[in-house]
Structures are given as structure tokens and as C-alpha cells.
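Let's take a walk through a protein model together. Keep the picture open beside you and look for each part as we come to it.

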Amino acid sequence: MFKRFLSVLLLLVVVPVAAQESLPSAADFIPANFAGFIRLNTQDAQNTLLGMNESTFAAAILQPTRVAPSAERVYYDYIPFASLFDIEGTTFVNNIFPWLGDDLVVAYRSFDAALSAQPQDTLIIIASTNLLSALNALTPIINEQDLPSREEYRGITIYIGDKTAIAVTAPAVFIGPLELVRAGLDVQAGVTEPLIAQPAYQAITAASPTDAFLSAYVTGDYLLPALNGLLSGRAQSVEIYRALGEALATQFNATNFEKLLLDGGFDGAGISLVRDRLGRHLNASAFFHSRDAASPLQLTEFDSSLLEMIPRNALLVHSGTDFNAFVEDALTILPLSNFAAEMFTGLPIRTAGTLSESVGLPTAANLQAALESLKIVLEAGADLDLQQDVIEHLSGGYTVALLPRPNNPVPLLNIPFDLMLVGEVDDGAATTASLIKLLQTVFNITADEAQTSSDWTLTTLSNDGRPVFTIAHDQEHLLITTGDAARLALDAERGDNRLINLPAWQQFEDMTQPALYVDAYMFYNTFFPSELLGGGFVVGENNRERIVMQVHPPVNDLHQIALTVTLP
């Protein structure tokens with residue numbers, strides 16, 4: 001019963017806001033051994049409900065196969081009070097709102113790799129403004145329980161129903177299984193430690209926005225299952241992510257964010273959701289606390305001129321500061337293409353691979369062996385040292401963009417988009433020569449005679465006379481494209497039809513180096529034109545949902561990701 005609620009509210013990732021000094025927060029009473037919690041700021045209950053409905057809409061954009069857009073919902077649609085109380089006729093307005101304090105918490109003792117929490121592991125804590133009002137509103141519910149009983153525990157009366165126990169105290173009301181209600185009362189009495197005493201939680205709370213309508217927190221041991229639940233939802237795929245994390249951690253630069261995330265480098269994480277009052281943007285601030293203060297994330301400055309080469313019709317843009325690490329990560333992940341269907345079940349993308357449980361799961365050693373085998377094959381078959389001839393030349397930042405090409409898939413590759421990758425290198429000519437040799441070996445394609453355009457030298461690689469790749473370089477940059485994307489990229493470099501000059505891009509703050517930009521309409525129109533858009537569906541330029549993700553430099557062992565979703 002809790003799975004939909006947990007999936008929707010965690011969909012944008014898992015971080016609490018600072019409690020007021022005047023009144024205790026419901027989060028103050030969560031036991032230290034819990035996996036995490038979701039907190040609703042109910043100081044402005046209407047704004048929070050609007051934010052939750054907007055979050056559901058955004059979730060439907062990000063994961064339409066899981067979350068369907070629907071009419072506006074009320075609190076009872078998100079929190080299963082009716083099933084918890086096990087009686088008919090209860091409403092949030094009549095039974096909760098009269099005594100509702102500043103926040104409401106749904107805390108989880110544990111959840112699985114599919115982001116599913118069982119009722120016996122779920123405790124609801126609601127801050128109360130008035131003990132008598134809470135008793136008055138809850139008494140009809142308590143009296144109508146089947147086989148009701150009660151017990152005294154630490155001076156508090158616990159009302160026990162057939163499904164749920166309820167304890168009403170001055171600062172908060174506890175609703176859940178008897179064992180967890182007792183555990184919450186132990187924390188309230190100061191007998192056991194609260195989760196909020198953890199250093200990771202406190203650091204994240206101090207850095208988080210104070211005006212979040214929803215926030216959540218997850219401990220380090222449950223961070224990988226939470227990530228797996230968001231991306232996949234299949235129980236066994238968490239082992240694939242764990243193997244990938246172990247493999248990435250063996251690389252030379254093993255402090256990249258994705259390596260810390262997948263290999264247990266964080267001991268706590270969280271997210272805060274903030275809406276603008278006009279309902280045009282939904283902002284999420286996610287923080288991750290590093291376990292090891294001695295291993296900071298290494299970030300270098302990004303050359304924003306790389307973004308000037310992105311054509312205006314890009315449906316997706318990704319950029320980063322470490323071209324070398326990006327390619328190494330991609331090569332490490334490459335053998336997992338056979339397991340993509342397992343890893344990304346929750347995302348709206350078509351993937352290769354199998355969902356069969358009869359296929360053995362890969363280990364970190366398998367991934368490392370596959371990469372080494374590729375290097376051996378290239379050296380033997382093409383006299384190419386992949387590490388020395390290609391990877392070590394990649395010296396700075398990079399930008400990747402996908403450009404739609406409707407009803408005209410790329411020859412040989414058969415993909416519905418063009419790829420554009422531009423990055424900094426220490427020797428453009430040498431890197432290009434090695435890449436041409438690499439692509440000719442892998443795809444059995446021929447290289448046409450090189451051409452020049454301004455400062456760039458371009459070489460097209462074709463299959464039966466049909467252009468597949470174009471490799472271009474100047475002294476310090478490398479450009480890899482498919483189809484006609486090279487021409488569009490060079491036009492954009494000269495100032496013609498640049499994405500970064502459009503309102504669609506400029507509406508977002510600090511776009512000097514976005515980790516991710518997605519035009520949701522263009523994405524779906526490219527990959528799912530019939531299933532999700534009914535075919536021929538057109539959305540105006542100013543009414544499209546767009547998503548931007550920013551990765552900020554770490555400060556005081558905290559790593560921040562900011563996500564913004566525009567709402568039509």
C-alpha cells in the first residue's frame with residue numbers, strides 16, 4: 001500500500017529541512033536505526049499539496065510507465081490513512097487537519113531494492129499543535145477499532161487496533177505497528193538515539209533550503225537500493241549497480257561522483273523539493289554526504305565555449321569537466337548493454353538485453369576483464385593502444401548532445417537521433433587519427449578524404465557510400481558526430497541556431513555547465529512518437545517540459561545536485 005507513495009515522492013532522489021526552534025519536528029522522534037523518511041512541511045498545507053500534485057506531474061514526465069498523470073489529489077490519496085485506521089468516513093480535513101502541526105513524517109525502518117516498504121516497517125509521525133484537539137479528533141477512530149486494546153508505555157497510552165497502534169502525545173502523534181510506536185516513544189523519552197543525531201543528517205539539514213514543501217533522507221546503507229528503485233525497481237538489478245560501482249572504483253580517478261555513489265562513498269543523502277508560487281518550476285536540491293573526508297571530489301573548471309556548438313534542436317545535452325573519466329566510465333559500462341533492460345526498467349527508454357533471471361549477473365571482475373579484452377583485441381587487430389592513443393589525449397571538458405532525425409535513422413547504427421560529442425584534447429590530429437582507426441576496425445567502414453572548414457579538419461566515415469560518422473578536429477578540440485550533425489555543430493559554433501541563445505535554455509539559472517538538459521517533448525517525440533504522444537502531437541516551444549540538472553562542487557564533504565523541472 002505504501003509503494004506508490006514512496007516511489008512518487010522519492011522520484012526526484014532523498015533530505016530534511018531545518019526544524020523550527022520553537023516547536024519540535026516530527027522528524028525528531030525517528031529512531032536511529034531507520035533507513036530514512038519523507039517529511040511534509042505542513043505549515044502551509046495547501047502549498048504542500050499543490051507541490052505534491054506538481055511532483056506527481058513531474059514524475060509522470062520522468063517515468064510515464066510508472067506514474068500516470070491524474071486529476072489533483074488530496075492528502076488521503078498520498079497517505080493511506082483510511083487503510084491504517086481501518087474504518088470508513090475518515091477524512092484528512094476532519095480527523096488530522098484540526099490539530100496538524102508544522103510537519104508530517106512517514107518513516108521507514110527498511111525498504112527493499114524495488115523501493116517497496118511493508119506496513120510493519122512504516123511509522124507515521126505527525127506534529128501536533130494541541131493534545132486535546134488531537135485526542136478529540138482521533139477518539140472516534142480509536143473507539144471504532146475492531147478488538148481494541150490499550151497499554152501504558154513510558155507514561156503514554158497506546159491505543160491498539162487490529163492493524164494500527166496510535167499514541168497521542170503533546171508534541172506528536174505516532175501511527176503505525178505497535179513495535180515502531182514504542183520505538184518512537186523511546187526516542188521522545190530520550191532513551192534511544194534519534195536518526196537526526198547522525199552527522200550526515202545534520203550536515204545535510206544545515207545546507208538544505210528551509211522553504212521545501214517536501215524533504216526526505218536516506219542513510220548510506222540504503223542509498224544504493226533507493227537509486228536502484230528509482231532507475232529500475234527490479235530487486236536483482238541492485239547487484240549490477242554494485243558491481244559497476246566496484247569496477248569504477250578501480251579506475252585511476254576513483255573519486256568521481258558516480259563512483260562514490262555506486263561504491264558506498266556516501267553515508268547519507270537527501271532531497272528537498274521547492275515550488276515557485278506560480279507553479280512554473282519545481283526545484284529539487286539533493287545532497288550527498290561523503291564518508292571519507294580525505295577523498296574529495298575533484299572538479300576542474302569547465303570551458304563553457306563547448307556549449308556554443310550545440311544546435312538549437314538538441315533534445316538532450318550532457319556536459320562535464322573530465323573527458324578522460326567520461327570515456328573510461330563509458331567503456332566500463334559498455335559490457336552492461338546486455339543488462340540495460342534490467343537496469344533501467346523504470347525509465348522511458350527502449351533498451352537492449354534481457355530480463356531473464358536465468359542469465360548470470362555480471363561482477364566487477366567481469367566488467368574489468370571485458371574492458372581489458374577490448375584493449376587486447378584493438379591492439380592485435382588494429383595496432384591501436386586504446387589507453388595511450390585515445391584516452392590519454394582527452395585532457396579537459398566535454399559536451400554530448402542528441403539531435404532528432406525523425407523517420408530517418410542513422411545508416412548502419414539504425415538509431416533515431418544524431419550524436420554530437422565535442423571535447424578538449426591535447427593533440428587534435430593525433431587523437432583523430434586514432435579514432436578513425438578505431439571506428440574503421442569496429443564498424444568496418446571506410447574513411448573519405450579529409451576536408452577543411454575554417455579551423456577544423458573533417459573526415460567522414462561511410463558505409464556503402466552513406467555517411468555514418470564525421471570526425472573533426474582543430475588543435476585542441478575533437479568533434480565526433482553521426483549523420484549531418486557536424487555541419488549543424490560548426491554552424492552553431494559560428495553563431496547560427498545555437499541552443500544556448502534560446503529562451504528554452506536561458507530560462508534556467510547558471511547554465512555555464514549543466515550536467516544534463518532534456519527537452520521532454522523532443523525526447524518522447526523521438527523515442528516514443530506513437531505510444532506516448534499519439535502520433536503527430538505538437539507542443540509549442542513555450543509549453544514544453546524541460547529538465548535541467550546541475551552538479552555543484554563539493555563543500556564540507558557535501559556534494560550537491562540541483563534539478564529543475566519546468567511545468568506547462
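Predicted model: local features only at pLDDT ≥ 70, side-chain atom pairs only at ≥ 80, totals over all residues.

Strands here are DSSP runs of E with at least two residues, helices are runs of H or I with at least four residues, and both are numbered from the N terminus. Residues are numbered from 1 along each chain as its sequence is written, and side-chain values use heavy atoms, leaving out hydrogens and water.

How do you find empty space in the first place? Rolling a probe the size of a water molecule over the atoms shows where empty space is left. Here a pocket is an open set of points on a 1 Å grid over the protein atoms alone, where a 1.4 Å probe fits, with protein on both sides within 12 Å along at least five of seven lines; lining residues have an atom within 4 Å of a point. The second largest pocket has a volume of about 390 Å³, a volume being the space filled by probe spheres set on the points, with grid points joined across faces, edges and corners. Its lining has 16 residues, and Asn283, Glu509, Ala562, Leu563 and Thr564 are the closest to the centre. Strand 10 (281-290), strand 20 (546-555) and strand 21 (558-566) each give the lining at least two residues. Sort the lining by type and you get 7 nonpolar, 7 polar and 2 charged residues. In that count, Ala, Val, Leu, Ile, Met, Phe, Trp, Tyr, Cys and Pro are nonpolar, Asp, Glu, Lys and Arg are charged, and the others, Gly among them, are polar.

Between strand 20 and strand 21 there is a loop, and Asn556 is in it. Is Asn556 buried or exposed? At 67% relative accessibility, Asn556 counts as exposed; the cut-offs are under 20% relative accessible area for buried and over 50% for exposed, with partly exposed in between (1.4 Å probe, protein chains only). Asn556 also has a positive phi, near 55°, and is a residue other than glycine. Asp510 is not a glycine either, and its phi is positive too, at about 50°. You'll find Asp510 in the loop between helix 18 (503-506) and strand 19 (516-519), where it is partly exposed, with a relative accessible area of 48%.

Now head inside. In soluble globular proteins, nonpolar side chains tend to be buried together. A nonpolar core, as used here, is a set of buried Ala, Val, Leu, Ile, Met, Phe, Trp, Tyr and Cys residues joined through side-chain atoms within 4.5 Å. The largest one in this model has 88 residues, and those touching the most other members are Phe81, Phe85, Ile126, Leu138, Ile166, Ile175 and Phe288. A second, separate core has 30 residues, including Ala27, Ala107, Ala172 and Ile196.

Let's zoom in on Leu138, which is found in helix 6 (residues 131-143). Leu138 is buried, with a relative accessible area of 0%. Leave aside neighbours within four places in sequence, and Leu138 is in contact (heavy atoms within 4.5 Å) with Phe85, Asn95, Trp99, Ile166, Val168 and Val173. Leu138 and Ile166 are 28 residues apart in sequence, and their C-alpha atoms are 9.0 Å apart in space.

Next, look at helix 12 (residues 323-333): 8 of its 11 residues are buried, so the helix is largely enclosed by the rest of the structure. Among the buried ones are Phe323, Val327 and Leu331. What do they pack against? The buried residues of helix 12 pack against helix 10 (237-249), helix 11 (257-262), helix 14 (364-382), helix 15 (386-390), strand 12 (394-404) and strand 13 (417-425).

Helix 10 is the place of Leu244, a buried residue with a relative accessible area of 5%. Not counting residues up to four places away in sequence, Leu244 touches Leu262, Thr332, Ile333, Leu336, Met343 and Leu367.
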